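Subject: Structure handover and notes

Dear colleague,

I have spelled out each criterion where it first comes up.

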Amino acid sequence: MMNQVEHGLWDERADQAQETLERLFWNESIGMYNIETPCPNGECNTIFHYWWMAHAVDVLVDGLMRTGDERYAARLATLHEGLLKRNGGAWPNELYDDMEWMALAWLRAFQATGQEIYKETAIVLWKDIQTGWNEHMGGGIAWQKSQLDYKNTPANAPAAILAARLYRAFGDADDLQWAHKIYNWQKTHLIDEKTGFVWDGMNRTGDGSIDKEWKFTYCQGVYIGAAVELFRITNEPVYLEDARRTFTAAKNELADAEYSALPDEGTGDGGLFKGILIRYIAEWVKVDSAADAEEFLLANASVLWERGKSANETLFGTDWTAASTGVIPLSAQLSGVKLLEMMAGLTKHRA
């Protein structure tokens with residue numbers, strides 16, 4: 001059981017990480033975050049990382065829900081405008097997984113603020129996401145609109161989370177049907193029956209093969225998250241069993257023996273992967289008795305703070321076991337903020 005002292009400790013650390021994100025990454029001139037720091041005169045922003053910005057929305061919602069501080073709500077409003085402008089005045093793009101992350105984030109923002117425009121954003125994206133389902137490879141949502149026969153976990157498990165959350169929020173039975181359909185496809189095609197480990201995708205190269213050698217924290221996280229959302233709706237224990245098997249497989253396969261720390265998955269998109277797994281382990285812990293998972297989260301948060309933080313700032317690189325130095329990608333910083341927010345949230349939940 002987490003005590004009040006622990007809650008205050010992680011609350012303070014989450015505050016520090018959020019302050020650093022705001023101070024060292026926010027770029028008022030574009031209404032978005034710089035994709036790395038340092039970024040003199042915004043020169044680093046040569047690429048629009050749409051899905052990174054969705055995770056930035058998520059951590060702002062985390063901060064708002066934890067503290068009630070209206071600064072987070074104000075930043076959400078500015079970011080919503082900046083993203084829409086940068087994306088050409090419309091929300092959809094070519095990547096179904098990217099849109100899923102954006103929809104998930106703005107749905108949470110709507111639930112945290114009551115701003116109808118955020119709900120509208122999520123619904124617009126969800127309608128576009130549904131067009132990605134087709135019968136190549138027995139169903140599933142495609143990864144991108146230009147490659148409709150490539151199906152992967154990143155495009156399906158987050159969609160199952162989204163559909164389930166939309167059902168819980170608004171009660172549309174069609175959304176629940178989507179959640180079940182997507183989850184069942186994912187479980188049938190991209191889960192190792194023996195262990196529960198989640199494979200990345202299938203038919204990427206057009207030969208029907210499964211990318212079993214691609215072992216990412218991201219994929220484990222979103223499947224756990226989908227299982228948790230369906231458990232919240234159905235109360236069926238099979239979903240908790242699915243989450244536990246995947247957590248155990250992920251821990252055994254990916255975490256190091258010394259610290260139980262999740263792996264360095266590189267800069268770029270890989271910087272977000274650990275944070276995704278952390279978020280959905282935390283969601284699982286909220287609905288299940290999983291002391292080992294709580295210990296796992298604590299171990300990762302402790303090593304991040306004690307070993308992975310930069311010397312002079314609350315900055316986090318891609319390796320949580322070594323002090324961050326040099327250029328820090330936004331993706332890695334967001335994962336670190338997520339971990340601290342999840343710890344602060346869980347300690348509050350358990351207090």
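Is Arg 279 buried or exposed? Arg 279 is buried, with a relative accessible area of 5%, where buried means under 20% relative accessible area, exposed means over 50% and partly exposed lies in between, computed with a 1.4 Å probe on protein chains only.

Before the rest, a word on conventions. This is a predicted model, in which local features need pLDDT of at least 70 and side-chain atom pairs count only at pLDDT 80 or more, while totals for chains, interfaces and linings use all residues. Residues are numbered from 1 along each chain as its sequence is written, and side-chain values use heavy atoms, with hydrogens and water left out.

Salt bridges

A search of the whole structure finds 22 salt bridges, each being a side-chain nitrogen of Lys or Arg within 4 Å of a carboxyl oxygen of Asp or Glu. Arg 279 takes part in one of them with Asp 62, the closest N and O atoms being 2.8 Å apart. This pair links distant parts of the chain, since Asp 62 sits in helix α2 and Arg 279 in helix α10 (residues 270–287), 217 residues apart; helices (H or I, at least four residues) and strands (E, at least two) are DSSP runs, numbered from the N terminus. Through shared partners, salt bridges also join Arg 165, Arg 168, Glu 229, Arg 232, Glu 283 and Lys 286 into one network.

Asp 62 meets Arg 108 in a salt bridge as well, at 2.9 Å from N to O, and here the partner lies in helix α4 (residues 96–113), 46 residues apart from Asp 62. Asp 62 counts as buried at 6% relative accessibility, and Arg 108 counts as buried at 15%.

A further salt bridge pairs Arg 66 with Asp 15, with the closest N and O atoms 2.9 Å apart; Arg 66 belongs to helix α2 and Asp 15 to helix α1 (residues 4–25), and the two are 51 residues apart. Arg 66 is buried, with a relative accessible area of 11%, whereas Asp 15 is partly exposed at 33%.

Helix packing

The axes of helix α2 (residues 50–67) and helix α3 (residues 70–86) come within 9 Å and cross at roughly 160 degrees, the axes being lines fitted to C-alpha atoms, for helices over the stretch in contact, with angles running from 0 to 180 degrees between N-to-C directions. That makes α2 roughly antiparallel to α3, on a scale where angles under 35 degrees count as roughly parallel, over 145 as roughly antiparallel, 65 to 115 as roughly perpendicular and the rest as oblique. Residues in this contact (heavy atoms within 4.5 Å) include Met 53, Leu 60 and Arg 66 of α2, and Tyr 72, Leu 76 and Leu 83 of α3.

The axes of helix α6 (residues 153–170) and helix α8 (residues 217–234) also come within 9 Å, crossing at roughly 25 degrees, which makes α6 roughly parallel to α8.

A buried glutamate

Glu 100 lies in helix α4 and counts as buried at 0% relative accessibility. Leaving aside neighbours within four places in sequence, Glu 100 is in contact with Ile 129, Ile 141, Pro 154, Ala 155, Asn 156, Pro 158 and Ala 159.

Backbone features

Most residues other than glycine have a negative phi, and most peptide bonds are trans. A cis peptide bond, with omega about 0 degrees, joins Thr 37 and Pro 38, and Pro 38 is placed in the loop between β3 (36–37) and α2. Asn 203 has a positive phi, near 70 degrees; Asn 203 is found in the loop between β6 (201–202) and α8 and is buried, with a relative accessible area of 5%. Ser 260 likewise has a positive phi, near 60 degrees, in the loop between α9 (237–254) and α10, but Ser 260 is partly exposed, with a relative accessible area of 22%.
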